[in-house]
Amino acid sequence: MSNWLSAPAKSLISKSPIVLANHKGTNVHACPYPLGPELVQKNTLRRVAFDLMKSRFGVIAVVAALALAIPARSQSVREPASNGRLIAFQDISVIPMDTERVLPHQTVLVRSGKITDVGPTSSVHLPPGTVVIDGRDKFLMPSMADMHTHVDRKEMLPLFLAAGVTTVLNMGLASPEFVTATRDEIRKGTVVGPRVFAAFMIDGPGDPGPEYVALCESDARAAVARAKLIGYDFIKVYSRLQPGIYVAVLDEAKRQNIAAVGHIPTSVGLEKSLAQGQVMIAHAEEYYKTYFQNKPDDARIPQAVELTRRAGAYVTPNLSFFAVLTKVVSDPQTLDKRLAEPDIDFLPPDIRGNWLGARPPKPSDRFVPELATLKKLTLAMSEAGVPLLAGTDSPAGVIPGTSVDEDLDQFVAAGLTPFQALSTATRTPGQFIHQYVPGADEFGTIAPGKSADLVMLGANPLLDVRNMRQPMGVMVRGRWFESRELENLIEEPVPAYKQVTAWEKEFQHMLREHGATEAIRGFKRHPQPSDKLPESFVNALGYQMINAKKLEDAIALLVFNTEQYPDSWNAYDSLGEAYVDSERFDLAVVNYRRSLALNPKNAGAFEMLQKAAAMSSGPN
């Protein structure tokens, strides 16, 4: 996964994560500060990426309405599935996704969120009162899953449904409200969204981030136990875990009957990760960074595949994100063009700010060879029977929901057949969840007893996966949404987004024409004192000024960001860097200290503080 954090241009995605304890000790063998009993929140920025780059700039990286035909009159089926009405998709071509086949002229019955019958239309009896959805000349298949996302905002959840995605796996850093209350509201049907599974991320000491940092084995075990108690479905291991603590995490996960997924810790390696029982590798590039030793060594592919196959592990190649990363780093102007496309309106402004902050100042082809190797690795895994999962890392560089379509495209580009690609987003995620989340609904194929998570299409995706891009309607656990209704849902937050976007454009114009001081003065004239520009947006502009050697403008912008967000460690960290670049080391020391006070895990700030203090003329 690439770093939408980046050393200085860190990512801000949304709210604070669950943090199980504050740590003060650093000894990984003894744990003098044991895990506290409470859950606490930290006002920290969100890391939604991986540590590929440590550079200044950071990297990166919906349709016809459906008629419901019922004898005598049409009806809508928008109520939660618990009402128990019988719904029939009549005379439709079914793609069950158990094998590569199409069953023409079928009727699929749904009641109380479950598929109850599938059979030839001529033989399926519909009792009076059945709600009938006309399926003539249409296709019905299981809806899709995104098995690697970091979205945790209610207003963004309809983006998944509008794209035919009804199951997601949040792979870490979700807010406490999302993991607990929001997921419960989705299950009850009071919030519209996909089925959500969640992983709790555990990492070792290093760069700043809101993930839980385990400092010793007892810490790690307690974190796993409490994550299970809170309701997480998986433990996500991250890159900086040391071998002993990694073993403790995996051992405790087995004791707690909660599966471990995630990165390959650098000091552990592929073989030991698989041997310890990690059930899913979250990115194909984890192989590249560890087993391939950051070299495009195709000769290592067969053994990497065999190790994975023998272990029975799943892999989420995450090609969609890496393809975007490669494209933007190779040609930064592609990001400018992407940010000007109409669907960007559906992204919250602060996430757009992250994308802007991830724009590299100059092009580089450094990821091109790696992407080629990752595609070869993905194809070899598919051919060897390694189960592959669709996962996109949204919203980092890709739009939630439609990013799964991009992932399917990348699978096909790597050499998979459309059926194999579609399986990564349907049948295989259902198999994975059934295997590792006891009691979860079964989904991913069309068969009696399975969850009624379905998508209706106007063309056969087995011929072209791009036919998934325009769902005519989506059923989520038995609740039917016409495409028009889904469009309305994703449009709801857009007016508020556009207001902030208008402020951003005005601010950028003033910055370009009159400089930072006048731009800031103009914004402060807003009638509502509560009006704010997104932190990520101002931070991105600040780094643009640093890269352009306009240090006074950079400092003015980043001071303004600390005024807007006085509780943000990231704002002070960035300002500290601007002061270092301008050789005002005393002020750099002050701001790095403020950053560390807000986030003691900010190892980068500690290192820079030491350097700035050494250069400072003031008392240290």
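# A guided reading of the predicted model

Phenylalanine 523 and phenylalanine 560 are both buried. Together, phenylalanine 523 and phenylalanine 560 form an aromatic pair. A pair of aromatic rings is described by the distance of the centres and the angle of the planes. There are 15 aromatic pairs in the count for this protein. In the pair formed by phenylalanine 523 and phenylalanine 560, the centres lie 6.1 Å apart and the planes are at 70° to each other, an edge-to-face arrangement. This pair connects distant parts of the chain, since phenylalanine 523 belongs to helix α17 (residues 516–523) and phenylalanine 560 to helix α19 (residues 551–564), 37 residues apart. Both rings also belong to one aromatic cluster, which is formed by Trp503, Phe507, Phe523, Phe537 and Phe560.

Over the ring of tyrosine 291 sits the charged end of arginine 300, at 4.2 Å from the ring centre.

The whole protein may now be considered. It comprises 22 helices and 18 strands. Of its 620 residues, 60% are buried.

One set of strands can be followed step by step. Strand β12 (residues 234–237) and strand β13 run parallel and are joined by four bridges. Within this pairing, isoleucine 235 stands opposite alanine 260 of β13.

Serine 320 is located in helix α8 (residues 319–330). Is serine 320 buried or exposed? Its relative accessible area is 2%, and the cut-off for a buried residue is under 20%, so serine 320 counts as buried. Setting aside residues up to four places away in sequence, serine 320 touches Gly391, Thr392, Ser403, Glu406, Asp407 and Gln410.

Glycine 478 occupies the loop between β17 (473–476) and β18 (479–482). Because its relative accessibility is 4%, glycine 478 counts as buried. Along the sequence, glycine 478 and glycine 84 are 394 residues apart, yet their C-alpha atoms are 9.3 Å apart in space.

Threonine 445 is likewise part of a loop, the one between α14 (427–436) and β16 (454–457). With a relative accessibility of 11%, threonine 445 counts as buried. When neighbours within four places in sequence are left aside, threonine 445 is in contact with Pro96, Met97, Asp98, Ile115, Pro142, Arg427 and Lys450. Methionine 141 lies 304 residues from threonine 445 along the chain, while 7.6 Å separates the C-alpha atoms of these two residues.

Note on methods:
Residues are numbered from 1 along each chain as its sequence is written. This is a predicted model: local features need pLDDT of at least 70, side-chain atom pairs count only at pLDDT 80 or more; totals for chains, interfaces and linings use all residues. Side-chain values use heavy atoms; hydrogens and water are left out. Two strands pair if DSSP finds at least two bridges between them. Helices (H or I, at least four residues) and strands (E, at least two) are DSSP runs, numbered from the N terminus. Rings of Phe, Tyr and Trp (its six-membered ring) pair if their centres lie within 6.5 Å; planes under 30 degrees apart count as stacked, over 60 as edge-to-face and the rest as tilted. Buried means under 20% relative accessible area, exposed over 50%, partly exposed in between (1.4 Å probe, protein chains only). A charge sits over a ring if NZ of Lys or CZ of Arg is within 6 Å of the ring centre and within 35 degrees of the ring normal. Contact means heavy atoms within 4.5 Å.
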